[in-house]
Amino acid sequence: MSTNPKSKWLVVGGGVMGLKIAKDLVAKGQDVTIAEAAPKFGGLASAWKLGDITWDRFYHVTLLSDSYLRELLDELGLEKELDWVETRTGFYAGGELLSMSNTAEFLKFPPLSMFERLRLGGTIFYASKIRNWRRMEKLSVEKWLRRWSGNGAFEKVWLPLLKAKLGEAYKQTSAAFIWAHTARMYKARRSGAKKEMFGYVPGGYARILERFCEYLTDKGVRLLAGHPVTSVRQCNDGSPSGQLEVDFGEGRIERFDNVVSTIASPLIAKQCEELSDQEKQELNGIKYIGVVCASMLLKKPISPYYVTNITDTWVPLTAVIEMSTIVDSQTQLDGQHLVYLPKYLPDDHDGLQESDEDYKEKCLSTLEKMYDHFSRDNVTAFQIARAKYVAALATIDYSTRLPPIVTSVPGFYALNSAHILEGNLNVNETIRLGEDKLAGEVWTDYLSRCKAESA
Ligand SMILES: Cc1cc2nc3c(=O)[nH]c(=O)nc-3n(C[C@H](O)[C@H](O)[C@H](O)COP(=O)(O)OP(=O)(O)OC[C@H]3O[C@@H](n4cnc5c(N)ncnc54)[C@H](O)[C@@H]3O)c2cc1C
């Protein structure tokens with residue numbers, strides 16, 4: 001390798017992170033290939049066919065404050081098409097569906113006394129003002145919420161919400177989790193009008209990803225779908241054609257100067273045998289939250305709320321997400337209504353393997369109990385998506401135990417969403433992280449290796 005910074009890079013994983021890294025590397029004049037295991041690019045943001053429409057496998061919305069994502073959409077020529085819609089939030093509590101979309105409704109929230117409501121509101125406001133998230137990382141989320149909201153609001157609101165989102169893993173979770181969620185939701189509200197505005201690109205992520213892939217192809221990136229990277233190892237034969245040997249399975253082997261792996265941390269530990277024991281331990285030490293998520297098309301809507309949070313513990317769902325309160329039913333969904341029914345679970349939970357029939361029955365019988373007017377005859381399509389590795393769990397002192405991005409294997413970089421520290425998992429943070437860490441740690445190491453080799 002010479003100081004001339006053109007070398008051969010492989011990006012492993014064709015989710016948003018991989019695509020963004022490929023984009024930035026090619027902009028730096030690099031020779032870039034991106035390998036995705038699935039037949040299509042997009043990862044968690046990818047789309048599928050549900051009945052006769054194509055929409056995201058997992059629900060996605062964009063916030064007005066998602067500046068990194070909006071800048072990317074601008075480069076792809078899609079930003080101006082974003083459709084912004086004011087949203088409403090519901091709560092299912094005590095067997096009742098309640099609106100919680102503004103302060104007046106919040107102040108009437110029946111499960112809590114006025115004192116508890118004020119403490120709950122004060123906690124959310126206080127969390128939104130905190131800048132020093134590292135302090136939050138040192139305390140358990142339960143301890144912090146009990147301290148600020150009091151036991152009443154904690155037991156009646158926070159605990160059911162935490163269990164719905166994290167299962168029993170909430171016990172290991174730090175207060176940084178609630179800080180990140182509050183900060184994002186606060187940003188969703190327009191400062192003046194205090195309205196919650198969410199946006200989407202017509203055509204959904206299928207359209208964004210298609211345009212992104214075309215953009216990369218035009219810039220000269222080689223896109224390989226259906227190419228799972230089974231191993232990466234050093235070639236110590238002094239060959240000039242590259243220093244890392246990559247196995248794509250089925251006898252497909254190729255050499256690269258550098259590899260950036262964007263896949264989940266425990267998978268990176270398996271992918272590169274030559275990482276040190278310490279690095280493998282750190283990668284395997286990251287615990288993830290997974291998700292089972294049903295997508296359902298309906299003839300009629302079920303509620304006016306984009307998200308209905310659930311505090312009744314008998315309900316086996318994290319929330320009800322009515323996407324068609326945002327996405328236009330007539331122009332995007334063939335006049336139908338789209339609802340997602342997610343259940344988040346720790347990555348080792350058996351529930352992630354629950355059969356499609358069982359989860360479907362659970363969802364439909366739950367909706368029949370929750371909504372008097374709901375009938376399964378109203379459902380025209382129903383499909384279930386699963387993902388084991390969605391978001392790294394924000395455990396106590398999480399940031400101090402992160403594995404390195406620049407690894408002990410020269411040219412092998414481990415850069416994935418587990419490094420998001422200042423927010424919850426979302427596309428905007430994923431893009432921001434990819435941009436910052438590639439320009440920072442990865443590029444600095446790459447240049448210093450180039451310099452050392454040419455000296
Ligand atoms: C239910 C749900 C709701 C969400 N809602 C929103 C939202 O409203 N707004 C928002 O902004 N974000 C949302 N997100 C988050 C968003 O989807 C993620 O931030 C983003 O997609 C993460 O991208 P990534 O590239 O880091 O990871 P991934 O999408 O997981 O990409 C990793 C890729 O690596 C591939 N891979 C794995 N192993 C290999 C291998 N060995 N070789 C090659 N490839 C491999 C995978 O197939 C995958 O495509 C949501 C996510 C979920 C699950």
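Q: What's the handedness of the α1 and α13 crossing?
A: In this predicted model, the crossing of α1 with α13 is right-handed.

Q: And how do the two axes sit, what angle and how far apart?
A: The axis of helix α1, residues 16-27, and that of helix α13, residues 427-454, come within 9 Å of each other and cross at roughly 45°. Angles under 35 degrees would count as roughly parallel and 65 to 115 as roughly perpendicular, so α1 and α13 are oblique to each other.

Q: Which residues make the contact?
A: On the α1 side the contact is made by Val16, Met17, Lys20, Ile21, Asp24 and Leu25, while α13 contributes Val427, Thr430, Ile431, Leu433, Gly434, Glu435, Leu438 and Trp443.

Q: How does that split by class?
A: The contact of α1 with α13 has nine nonpolar residues, together with two polar and three charged ones.

Q: Switching to the backbone: what's phi at Glu250?
A: Phi of Glu250 is near 50°, which is a positive value in a residue other than glycine.

Q: Where is Glu250, and is it buried or exposed?
A: Glu250 lies in the loop between β12 (244-247) and β13 (253-256), and with a relative accessible area of 74% Glu250 is exposed, since the cut-off for that class is over 50%.

Q: What about phi at Asp397?
A: Asp397 is a residue other than glycine with a positive phi, near 55°.

Q: Where does Asp397 sit, and how accessible is it?
A: Asp397 is found in the loop between β19 (379-392) and β20 (412-414); its relative accessible area is 22%, so Asp397 is partly exposed, given that buried would require under 20%.

Methods. Residues numbered from 1 in each chain as written. Predicted model: local features only at pLDDT ≥ 70, side-chain atom pairs only at ≥ 80, totals over all residues. Heavy atoms only, no water. Axes fitted to C-alpha atoms, helices over the stretch in contact; angles between N-to-C directions. Helix = DSSP H or I, 4+ residues; strand = E, 2+ residues; numbered from the N terminus. Parallel < 35°, antiparallel > 145°, perpendicular 65-115°, else oblique. Left-handed = near helix turned anticlockwise from the far one by under 90°. Contact = heavy atoms within 4.5 Å. Nonpolar A, V, L, I, M, F, W, Y, C, P; charged D, E, K, R; others polar. Buried < 20%, exposed > 50% of the residue type's maximum accessible area, 1.4 Å probe, protein only.
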